[in-house]
Amino acid sequence: MDSFPSSDPMRSVTQAEVSSFASDGVVHLPDIVKKDWIELLDSSLEKMLNDPKMFADLTALSNDLNETQDLLALKENEMKSGRFLSGIDHWKEDKNFAAFAKVSPLPSIVAKLMNSKRVYLYEDSVLIKEPGTTEETAFHQDLGYFHLTGESICTVWAPLDDVDSETGSVVYLRSSHKNKKVFKPNWFVANEPLPDTKGKYLPNIEIDDKKLDLLRFDTKPGDLVVHHALTLHGAGANSSATRQRRAVSVRYCGDDSTYKIRSGAPKKPHHENIRTGDPVVDHPDCPLVWG
Ligand SMILES: O=C(O)CCC(=O)C(=O)O
C-alpha cells in the first residue's frame, strides 16, 4: 500500500481568504500544503519528462500559429529559447498525481473556498516554462474549455518552483468572474479562438497593462493560488536564463455543477455519453473527492 503525506492542510483557510476568493475571483494561499506533496509531484514529473508523449510543446504550436515570423528568426528563436510544455490528466496514469488531486489537502481547501459540500475532480494540467521561454500564456478563462456550468468551478494552481514576474507568474483580472460572460477558449499561446467554439471573443489583455486591476503573486512550493473558472488570467514568459517555472493545475467542480457540452472545446472519452443538463455525479473519470 502506498502511503502519502497527510490530507490536512498546514493551516486553515481564513475567513478573509474565503472573502477574497469570492470578491476577487482569485486568492493566494501561502504555506498551506506540505512540501512532501510537492516533492512527490516533482519526482513524477522528472520521470514524465523523459517521455515526449506526455506533453504538448506549446512553443511549437505558437510558432505554427504565428505566421508572420520568418523562417530564419524562427530557427534562431528555437535555438535560444526554452519550451512551454503542457500535459493533461496525469492523475489517470500516475499515483502521485492522483493522490495530490484526490487525497491531498486540495479537496478540503476547495470545498471551503467554494462553500460546497461536495467536490469532484475535473482534470489536472502541467504547465512548464523552461528557462528562456518566450511564450506568454494568452489571457483566457477556464470555463470555456470545460463541459460544465455552475457557480462552483475552480482551478488550483500549485507551483513546483519559486515563481515571480521574471519566470512567469500568473496574472488575474480582479473580479472578472463577476461579469458572468463565458468567452471563447483560445489556443493558450495566441488570442485566436479554438475553431467551432461559441461565446464572446476574449478581450485583448496585455500582461502589463497598468490601467487594469491585475493581480499577480510571488509564489513558492507549498503555496496555492485558487481562481474561479470565470476569472480572466494569463501568464508572462520565463525570461530567466537559469530558473525553470513548473506548475500543476488541478480543476474541480462542486455542488451546483451540471454538464454543458460546449462546441469546439476538447472532449474526453466519457463526455461522449453525457448530455447538457446532466448533473455531475461520482464517476471514475470525474470522481467525488470530497463530501
Ligand atoms: O501556468 C500558466 O501559464 C497558466 C495557468 C492557467 O492558465 C491555468 O492553470 O488555468
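A disulfide is taken here as a pair of cysteine sulfur atoms within 2.5 Å. With that cut-off, a search of the whole structure finds zero disulfides. The structure is a predicted model, in which local features need pLDDT of at least 70 and side-chain atom pairs count only at pLDDT 80 or more, while totals for chains, interfaces and linings use all residues. Residues are numbered from 1 along each chain as its sequence is written, and side-chain values use heavy atoms, with hydrogens and water left out.

We turn next to the interior. A nonpolar core is a set of buried Ala, Val, Leu, Ile, Met, Phe, Trp, Tyr and Cys residues joined through side-chain atoms within 4.5 Å. The largest one has 40 residues, of which Phe-100, Leu-113, Leu-224 and Tyr-252 touch the most other members. Helix H6 (residues 106-114) gives the most to this core, with six residues. Helices (H or I, at least four residues) and strands (E, at least two) are DSSP runs, numbered from the N terminus. H6 is largely enclosed by the rest of the structure, because eight of its nine residues are buried; among them are Leu-106, Ile-109 and Leu-113. After H6 comes Asn-115, with a positive phi near 50 degrees.

Leu-224 is the bridge partner of Leu-29 in strand E10. Strand E1 (residues 26-29) and E10 (residues 224-228) run antiparallel and are joined by four bridges, where pairing requires that DSSP finds at least two bridges between the strands. In a regular strand the side chains alternate between the two faces of the sheet. Both faces of E1 are covered, with Val-26 and His-28 buried on one side and Val-27 and Leu-29 buried on the other.

Conventions:
Buried means under 20% relative accessible area, exposed over 50%, partly exposed in between (1.4 Å probe, protein chains only).
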